[in-house]
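Subject: Structure handover

Hello,

Here is the structure you asked about. My notes follow below it.

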Amino acid sequence: MGAHGPATTGLMRWVTTTNHKDIGTMYLWFSFAMFIMGGAFAMIIRAELFQPGLQIVEPEFFNQMTTMHGLVMVFGAIMPSFVGLANWLIPMMIGAPDMALPRMNNLSFWILPPTFLLLASTLFMEGGAPNFGWTFYAPLSTTYAPDTVTFFIFGVHLMGLSSIMGSINIIATVVNLRAPGMTYMKMPMFVWTWLITAFLLVAVMPVLAGAVTMMLMDVHFGTSFFSAAGGGDPVLFQHIFWFFGHPEVYIIILPAFGVVSQIIPTFARKPLFGYDSMVYATASIAFLSFIVWAHHMYTVGMPIAGELFFMYATMLIAVPTGVKVFNWITTMWQGAMTFETPMLFCIGFVFLFTVGGFTGVMLSLAPVDFQYHDSYFVVAHFHYVMVAGAVFSMSAAVYYWLPKWCGRMYNENMGKAHFWISFIGFNLTFFPQHFLGLAGMPRRIPDYALQFTDFNTMSSIGAFIYGASQILFLFNVVRTITSGEKTSEEKTWEGAEGLEWTVATPAPYHTFSTPPEVK
Amino acid sequence: MHLRAKRLYKLALSPVLLLLSFLSTGAWAEEAQRWQMNMSPGVTEVGAEIYGLHMIVFWICVVIGIVTFGAMFYSVFAHRKSKGVKPATFHESTAIEIAWTVVPFIILIVMAFPATTTLLKVYDFEDSDLDILVTGYQWKWKYEYIDEAGDNVVFFSNLRTGKTEIYNEDDKGEHYLLEVDEPLVLPVNKKVRFLVTANDVIHAWWVPALAVKKDAIPGFINEAWSRPLETGVYRGQCAELCGRDHGYMPIVVNVVEEDEYNAWLADKKSKAAEIKALMDKQFTLDEQMAAGKPVYDQYCAACHGLNGEGGVGKAIAGSPIATGEMAKHLDVSINGVPGSAMQAFGAQLNDVDMAAVVTYQRNAFGNNMGDIVQPIDVYNFKQGQ
Ligand code: HEM
Ligand SMILES: [Cu+2]
């Protein structure tokens, strides 16, 4: 292998590597493992909710499951998966030899596995895992929490540290290592969305760190930041949490926007419509995400002026989001489309994410949100954006770039089957949850009244279908890597554009030792 | 297993069943409830307005959806390579891009008007006919009817569904999980203001039909209001994750005619007065034992066992507390043991019942302490804290 392969082999290669492709690969596999773990928790939840009454788990454990499911999916599955994608693709897309800070890159990955091992191990500790929801509202998470809350706080600190390091690395790479001639307004959309995401991350992860530090003080050092009895304020916790938490949901979705903006033009064989307005829309969404946090808190008893401000600001987000959706559709318009698996997932994304966007607009209206809030309507809404948004776009990305990464082609029929089964399973799971919420079923309950039975059963069946479809995905990917048909052409896809398609297939261990010229 | 199979079968047939039930009006109401897909307008003016807003926005979304998805699916079907289409090359159009920034913006402004006026109504807490303090506890609600003369009526409202139903050992009743031992009672057509707070963690008081959902936050008092226009029984649940039994914290509101309400309130008050009168009475041991047993069975037995043998909680028989100093026994019963399953019963039980049950614990199950706790002892203990 010599100069073109890793310096060491075996396990140490992965432990000590500073190569962006190795690190990207590790992130991707780690996040997939977390997706399966978080998915297993979801299956336990759905199995319990298959019918009314308690049959599989106790309420206490049910609460641990919802908490761990949310935490693992957000911080373990989605965020690291996009960081992995960024590691693989950003250097290849901007013509850089590697990430700007490769040693830090290694560290920011290796923080994650022990952190999640620690979090998962709380399930076996006395008192059980964290049981206060991934939003961990005080005082439930401070005064009334199991002892493992301390590990939870430590874990959140570590995850935050890893994310901040990852983001600084991305910012440094994009700002400094672009190939000559690649101005900002020539960068691929995926690079743009990640640059903006990285700034969001650097801005809000310290806020989350602040929140958990205050919790730590309340739990162990006798302060009362969040305890009214000691002069503190439980609502303060929510303001701080959502000042982090709302941008966080855009941290999850913006890179997904980037992925879709790369893939749709390829299969429409037509350039992305409205590149400039895509960039501005992304930036506006990021800006607006900082001033809408309290729309998660319409029912805490804010003064009406605050309520109105947050309502209007939230409604505004629909405008740039709409621009993005219209641009994608216009990109397809009068194209010459083909429907390989990545494109199927992208069309699925546009369709389902937009449905999630519609319920988002509905939720933004404060007086109506009084009825939707904390009901299953919200659960349906955020899975339409997070699963059909982030997870669908991630699947699209893997199918799209895998041939470039490993020089082998996945099985198209299996890929299509994965799409259709997960599309059907997903809708069967989450569409009826809109009805449940509107009919009055609260979220995070282990058991429910009889009139909610049928839609819950449907939802559980859908969830098992969706879960099973991921095994097909795993099988297809492993089969591709080990024995897929070799792709020799540089371009796997007829319509693909961008520097990453100019490198050899499979992508060599070190790309771009001399920077390419961009005209 | 049999039940499940039957349900699955029903599920498969659901569209047919739904259609059939449209035709046969009898089963319609029940079947409709099972398949309720939309918000209900409820029984208040504000609720109807919220429902209207919800429907307006829903239809706007449907129309936008038809247009955008229509365009998308049209190009999916018409503009495909397999049909030999040559791809166009356009990739921007300032006019179009401005148009689809401005048009949604205008639609949003159109939605903002009704949203704002409805919100203002939701926030109009003035001129209430009746004020009720709602306090969330882990995991029950306390209701306090505020009386200007200081003669407040207070009671707790607990889940009534039994464990055997929850664990599938018995058939589930019609109002499984949505039934309580004592519902909130409201007069019809009166503006009721709810003052909402909590004792431990954050809960949320949600009754869809009354169009009220408000967080109950310890240390804060939130306001909400409703004017139910129709009599009936309305059900809801706690809507904020509040710990283990979050799913078992129902709310039942009984809206009745005004004279019925007045009679109910008078009855509550006279019962409270009776208890007050008993405060000065000295009970005999036999009387206290007889009065204490039902209280024990209702509130203590679930954890401490019907025969004081223990369970989730420690055994009462031979317990160092039940056979030790009375003040400590009162302290544990009234204030609970923080961090354990032993709740503070001081607010839930009146002083008469508390005196009886403590006496019972000290003398039943072979404890035979021989001492009698009088209501005034409980009262004095509380005062002395
Ligand atoms: C088959 C896939 C999935 C199923 C069946 C599923 C199911 C559920 C269920 C039943 C809940 C509990 C809702 C409640 O009672 O509040 C939940 C919560 C949640 N899910 Fe999923 N989920 C799936 C995938 C995902 C994915 C991929 C993500 C990540 C983006 C995700 C993120 C969340 C979050 C953040 C929560 C909130 C947790 C909380 O309430 O603290 N889910 N999910
Ligand atoms: Cu509660």
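A:Ser422 sits in helix α15 of chain A. The model is a predicted one. Is A:Ser422 buried or exposed? A:Ser422 is buried, because its relative accessible area is 1% and the cut-off for buried is under 20%. A polar atom of the A:Ser422 side chain lies 2.7 Å from the backbone oxygen of A:His418. Leaving aside residues up to four places away in sequence, A:Ser422 touches A:Phe345, A:Phe392, A:Tyr466, A:Ser469 and A:Gln470.

**Ligand 1**

A:Tyr466 turns up again here. Ligand 1 has 25 residues around it, and A:Tyr466 is among those that come nearest.

Which residues put polar atoms close to an oxygen atom of ligand 1?

- A:Arg444 has a backbone N or O atom 2.5 Å from an oxygen atom of the ligand.
- A:Trp134 places a polar backbone atom 2.7 Å from an oxygen atom of the ligand.
- A:Arg443 uses its side chain, with a polar atom 3.1 Å from an oxygen atom of the ligand.

Four elements of chain A give two or more residues each to the shell around ligand 1: α2 (20–48), α3 (59–94), α14 (376–406) and α16 (453–483). Which of them gives the most? That is α14(A), with seven residues. By class, the shell has 17 nonpolar, five polar and three charged residues.

**A:Arg444 itself**

A:Arg444 deserves a separate look. The residue is in the loop between α15 (412–438) and α16 of chain A. Its phi is positive, about 60°, although A:Arg444 is not a glycine. A:Arg444 also counts as buried, because its relative accessible area of 9% is under the 20% cut-off.

**Other backbone points**

A:Gln334 is another non-glycine residue with a positive phi, about 60°. This one lies in the loop between α11 (318–332) and α12 (341–364) of chain A. A:Gln334 is partly exposed, because its relative accessible area of 34% falls between the cut-offs of 20% and 50%.

There are cis peptide bonds to check too. In chain A, one joins A:Ala138 and A:Pro139, with omega about 0°. A:Pro139 is in the loop between α5 (112–121) and α6 (149–176) of chain A. In chain B, a cis peptide bond joins B:Gln138 and B:Trp139. Omega there is about 5°. B:Trp139 belongs to the loop between β1 (130–137) and β2 (140–145) of chain B.

**Chain B against chain A**

How many residues of each chain are in contact? The contact involves 90 residues of chain B and 100 residues of chain A. The size of an interface is often given as the accessible area lost when the parts come together. Here the two chains bury about 8600 Å² between them. Carbon and sulfur atoms account for 69% of that area.

The count of salt bridges between chain B and chain A is one. In it, the side chains of B:Lys81 and A:Glu494 meet at 2.9 Å, N to O.

The largest share comes from α4(B), with 16 residues. By class, this side of chain B has 50 nonpolar, 23 polar and 17 charged residues.

**One exposed loop residue**

Last, A:Ala229. This residue is in the loop between α7 (189–220) and α8 (234–268) of chain A. A:Ala229 counts as exposed, because its relative accessibility is 84% and the cut-off is over 50%. How far is A:Ala229 from A:Met104? The two are 43 Å apart in space, C-alpha to C-alpha, and 125 residues apart in sequence.

Best wishes

Key: Residues numbered from 1 in each chain as written. Chains lettered and ligands numbered in written order. Predicted model: local features only at pLDDT ≥ 70, side-chain atom pairs only at ≥ 80, totals over all residues. Heavy atoms only, no water. Near = heavy atom within 4 Å. Polar contact = N/O pair within 3.5 Å; in protein donor to acceptor, adjacent residues only side chain to side chain. Nonpolar A, V, L, I, M, F, W, Y, C, P; charged D, E, K, R; others polar. Contact = heavy atoms within 4.5 Å. Buried area = accessible area lost by both parts, 1.4 Å probe. Salt bridge = Lys/Arg side-chain N within 4 Å of Asp/Glu carboxyl O. Buried < 20%, exposed > 50% of the residue type's maximum accessible area, 1.4 Å probe, protein only.
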